[in-house]
Amino acid sequence: QMRLVESGGGRVQAGGSLRLSCAASVRPLSNYAWGWFRQAPGQELEFVAGIGWTGRRTRYGDIVGGRFTISADNAKNTAYLQMNTLKPEDTAVYYCAATGVIRERAGVRPTDYEYWGQGTQVTVSS
């Protein structure tokens, strides 16, 4: 019954921007904590960004380099990932994740999350 639906992926030139969205089909008893991960071909899943259930505490993987911003609108059960100054190295399938466990600071491990989207492809060309 619970489903995360991702959108916003696509193909852009280096230096461009994309905004990914992730909408949950079920409202939690409390707010979700959210995470974004990505997986490039031949690579393992890596942490991109996370935001705690209050929507105030965020954390980012080293790969982000200050270019990405995670946000959440818990009234809409939706999380976002704004990606700017995209690089070819950012090419990957991006997955959103959510957990109903109350966390002030989002986890960085895939096992910290119970719900996952199916992924959206982001391709950055030179």
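Leaving aside its neighbours within four places in sequence, which residues is Gly 8 in contact with?

View 1. Helices (H or I, at least four residues) and strands (E, at least two) are DSSP runs, numbered from the N terminus. From the N terminus on, the order is β-β-β-β-β-β-β-β-β-β-β. Along the principal axes, the C-alpha atoms fill a box of roughly 45 × 25 × 25 Å.

Residues are numbered from 1 along each chain as its sequence is written. Because the model is predicted, local features need pLDDT of at least 70 and side-chain atom pairs count only at pLDDT 80 or more, while totals for chains, interfaces and linings use all residues; side-chain values use heavy atoms, with hydrogens and water left out.

**View 2. The surface and the charges of the protein chain.** Of the 126 residues, 42% count as buried. Buried means under 20% relative accessible area, exposed over 50%, and partly exposed in between (1.4 Å probe, protein chains only). The chain exposes about 6700 Å², and carbon and sulfur atoms supply 44% of it. Accessible areas come from the Shrake-Rupley method with a 1.4 Å probe; for residues, only the protein chains shown count as cover. There are 14 positive and 10 negative side chains. The centres of the two sets lie 6 Å apart. Lys and Arg count as positive, Asp and Glu as negative; His and the chain ends are not counted. Each charge is placed at NZ of Lys, CZ of Arg, CG of Asp or CD of Glu.

**View 3. The largest nonpolar core has 25 residues.** A nonpolar core is a set of buried Ala, Val, Leu, Ile, Met, Phe, Trp, Tyr and Cys residues joined through side-chain atoms within 4.5 Å. Trp 34, Trp 36, Val 48, Phe 68, Leu 81, Met 83 and Tyr 94 touch the most other members. At least two core residues come from each of β3 (18-24), β4 (33-39), β5 (46-51), β7 (68-73), β8 (78-83), β9 (92-99) and β11 (120-125). A second, separate core of five residues includes Phe 37, Phe 47, Ala 106 and Tyr 113. In soluble globular proteins, nonpolar side chains tend to be buried together.

**View 4. Met 83 and its contacts.** Contact means heavy atoms within 4.5 Å. Not counting residues up to four places away in sequence, Met 83 touches Gly 16, Ser 17, Leu 18, Leu 20, Arg 67, Phe 68, Tyr 94 and Val 122. Across the protein chain, among contacts between residues at least 6 apart in sequence, 58% join residues at least 24 apart.

**View 5. Gly 8 in the loop between β1 (4-7) and β2 (10-13).** Gly 8 is in contact with Leu 18, Arg 19 and Leu 20, leaving aside its neighbours within four places in sequence. Gly 8 counts as partly exposed because its relative accessibility is 31%. Gly 8 and Thr 85 are 77 residues apart in sequence, and their C-alpha atoms are 16 Å apart in space.

**View 6. Tyr 115 in strand β10 (residues 115-116).** Tyr 115 is partly exposed, at 32% relative accessibility. Beyond four places in sequence, Tyr 115 is in contact with Met 2, Leu 4, Tyr 32, Cys 96, Ala 97, Ala 98 and Gly 100. Ala 97 is 18 residues away in sequence, with a C-alpha to C-alpha distance of 5.5 Å.

**View 7. Gly 117 in the loop between β10 and β11.** Gly 117 is buried, at 8% relative accessibility. Not counting residues up to four places away in sequence, Gly 117 touches Leu 4, Glu 6, Tyr 95 and Cys 96.

**View 8. Asn 77 and Thr 85 have positive phi.** Most residues other than glycine have a negative phi. Asn 77, in the loop between β7 and β8, has a phi of about 55 degrees. Asn 77 is buried, with a relative accessible area of 8%. Thr 85, in the loop between β8 and β9, has a phi of about 50 degrees. Thr 85 is partly exposed, at 45% relative accessibility.
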